[in-house]
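Here's a quick briefing for anyone meeting this structure for the first time. Have a look at the sequence and the model, then read on.

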Amino acid sequence: MSKIHGEDSYATPDVSRLKAGEVNLGTSIMAVAFPGGVVIGADSRTTTGSYIANRVTDKLTYLHERIYCCRSGSAADTQAIADVAHSQLGLFAMQHGERPTVNVAGTMLESICYSNKDQLSAGIIVAGWDKENGGTVYNIPLGGGLFQAPWAIGGSGSTYIYGYCDATFREDFTKEETIDFVRNSLALAMSRDGSSGGTIRLAIIEEGGVERIFVPGDKLPQFWEKA
């Protein structure tokens, strides 16, 4: 509790003790399914408070063949969750003699997040391709829960682009249109959100493999700034 002119006041509480010094993925992450696969993407800024700890972070994390996740929240928490899921998915593949589906990966991650919801700060998008369902996207918000959708966004930058995504997305997007949609959405989020920035990393996941695309900071799409 702070004091102003000797009187108690609740107007300016001391929040310095909250998550002090924690490395945070204040971020913009996204995944969009298209016929034949998915496109995932993220910015690359990692912060500790107002200090940018890393401006070229790779937030697209490999879980298993054709399955990736995008991470937002505490960097330590999400890295630990992804490491555990990666190990479990490897064991699953050995025990069953086949690749896990995206649903299996999402269920594993959701179980970890929900079981430890009071200790973790993690918002995760799981996306990939499997022979049963093709390109698939699952969103796991803070506290757990597993929600399948044709597209998902997350992180602090996502609040700025929900309207743009709702107005722009089409289920008949081609692969190229999906790439442009993800790139433009992330660029818009990064231009408004102070905790997002740096570069854009994309991954196109299809039956034939995974293609990575890197968009440097000076090549980001521009909108009203062009005028």
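D180 sits in helix α4, and with a relative accessible area of 39% D180 counts as partly exposed. Keep in mind that this is a predicted model. Follow the chain 41 residues along from D180 and you reach P221, yet the C-alpha atoms of the two are separated by 9.5 Å.

**The big picture**

- The protein has 227 residues, and 46% of them are buried.
- You'll find 4 helices and 15 strands in the protein.
- Take the contacts between residues at least 6 apart in sequence: 60% of these join residues at least 24 apart.

- As background, the strands of a sheet pair through backbone hydrogen bonds, and the pairing can be parallel or antiparallel.
- Zoom in on one pair: β4 (residues 29-34) and β5 (residues 37-42) run antiparallel to each other and are linked over 6 bridges.
- Which residue in β5 is the bridge partner of F34? That's G37.

- In soluble globular proteins, nonpolar side chains tend to be buried together.
- Here the largest nonpolar core has 21 residues, and the members that touch the most others are M30, V32, C165, F181, V182 and I200.
- β4, β13, α4 and β14 are the elements that give two or more residues to this core.
- Which element gives the most to this core? It's α4, with 7 residues.
- Look at F181 for a close-up: beyond residues up to four places away in sequence, F181 touches M30, V32, Y164, C165, T168, F169 and F173.
- There's also a second, separate core of 19 residues, with F92, A105, C113 and Y138 among its members.

**Helix α2**

- The buried residues of α2 are V102, A105, G106, M108, L109, E110, I112 and C113. Two of these, A105 and C113, also turn up in the second core.
- What do the buried residues of α2 pack against? Their partners are β8 (60-64), β9 (67-74), α1 (75-96), β10 (122-130) and β11 (134-140).
- An α-helix has 3.6 residues a turn, so residues three or four places apart point the same way.

**S196, tucked into a loop**

- S196 belongs to the loop between α4 and β14.
- Is S196 buried or exposed? S196 is buried, because its relative accessible area is 1%, and buried means under 20%.
- The side chain of S196 has a polar contact of 2.9 Å with the side chain of S28, and another, of 2.6 Å, with the side chain of D193.
- Leaving out neighbours within four places in sequence, S196 is in contact with G26, T27, S28, D43, R45, S156, G157 and M190.

Conventions. Residues are numbered from 1 along each chain as its sequence is written. This is a predicted model: local features need pLDDT of at least 70, side-chain atom pairs count only at pLDDT 80 or more; totals for chains, interfaces and linings use all residues. Side-chain values use heavy atoms; hydrogens and water are left out. Two strands pair if DSSP finds at least two bridges between them. A nonpolar core is a set of buried Ala, Val, Leu, Ile, Met, Phe, Trp, Tyr and Cys residues joined through side-chain atoms within 4.5 Å. Buried means under 20% relative accessible area, exposed over 50%, partly exposed in between (1.4 Å probe, protein chains only). Contact means heavy atoms within 4.5 Å. A polar contact is a pair of N or O atoms within 3.5 Å; within protein, one must be able to donate a hydrogen and the other to accept it, and residues adjacent in sequence count only if both atoms are side-chain atoms.
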